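Visitor: I would like a close look at one part of this protein, taken slowly and with its surroundings kept in view. Please work from the model shown here.

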Amino acid sequence: MVRSVFEKSDAIALVAEVYRELGYEGASMSEITARTKLSKGSLYHFFPGGKEQMAAEVMANIDAWFVMEMFRPLEEEEPRAAIARMWETTDSYFRSGHRVCLIGAFALDETRDRFSTAIRGYFHHWIEALCGALLRGGVPSTEAKMLAEEAVIGIQGALTLARALEDETVFGRTLARLKHRLETALG
């Protein structure tokens, strides 16, 4: 049964879940149409550039969401509140370790070369926004940069490990440790 989609944003969300499940290379057009229940005509209407345009728009959509919900608050709000919000947003977005980071997954396969600018930009933005919040919170520069990198590495690694071990509690424990580490640094 073909699904009715009224907005491009609906199609982007459906395609994103296919990429999360199958990766870029594993998501053929026939798999995308079957799993989203969208016709090829609908997909090409929204994405005339095909699969590559779909992936680029999915990543742009994810990046825009993170900018609004996490990066901008880290850059503009009171540091401790923004960092606390980051932990909540991270846990919620990644469904407590049940949802793979699509941009992180794209960084690990052949897709990395095709979308390197977007992938690199997403991770740089996260690290820089968190580092800035830590600096404004009084953490020395060298330590702030190290902690920001460690937090993003820890989140991404915990997502991978939780999925590999089929144990989402790995994600929760890692977030708790990282949160404690940053709170300690903030004093």
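At what angle do helix α5 and helix α8 pack, and how far apart are their axes?

Guide: This is a predicted model, so a word on confidence comes before the packing itself. The mean pLDDT of the protein is 92, with 97% of its residues reaching 70 or more. Confidence is lowest in helix α7 (residues 111–114), where the mean is 81, and highest in helix α10 (residues 169–186), where it is 97.

Turning to the pair you ask about, helix α5, which covers residues 79–93, packs against helix α8, residues 116–136, at an angle of about 145°, and the two axes lie 8 Å apart. The crossing in which α5 passes α8 is left-handed. On the α5 side the contact is made by Pro79, Ile83, Met86 and Thr90, while α8 contributes Trp126, Leu130, Ala133, Leu134 and Arg136. Sorted by class, the residues of this contact are seven nonpolar, one polar and one charged.

Setting aside its neighbours within four places in sequence, Thr33 is in contact with Leu38, Ser39, Lys40 and Leu43. Lys37, in the loop between α2 and α3 (40–46), is not a glycine and yet has a positive phi of about 65°; with a relative accessibility of 39%, Lys37 counts as partly exposed. Another positive phi in a residue other than glycine, near 50°, belongs to Glu166, which lies in the loop between α9 (141–165) and α10 and counts as exposed at 72% relative accessibility. As background to both, most residues other than glycine have a negative phi.

Finally, Ser9 is found in helix α1 (residues 8–26) and is partly exposed, with a relative accessible area of 45%. Ser9 and Ser141 are 132 residues apart along the chain, and their C-alpha atoms are separated by 39 Å.

Key. Residues numbered from 1 in each chain as written. Predicted model: local features only at pLDDT ≥ 70, side-chain atom pairs only at ≥ 80, totals over all residues. Heavy atoms only, no water. Axes fitted to C-alpha atoms, helices over the stretch in contact; angles between N-to-C directions. Helix = DSSP H or I, 4+ residues; strand = E, 2+ residues; numbered from the N terminus. Left-handed = near helix turned anticlockwise from the far one by under 90°. Contact = heavy atoms within 4.5 Å. Nonpolar A, V, L, I, M, F, W, Y, C, P; charged D, E, K, R; others polar. pLDDT = per-residue confidence, 0-100. Buried < 20%, exposed > 50% of the residue type's maximum accessible area, 1.4 Å probe, protein only.
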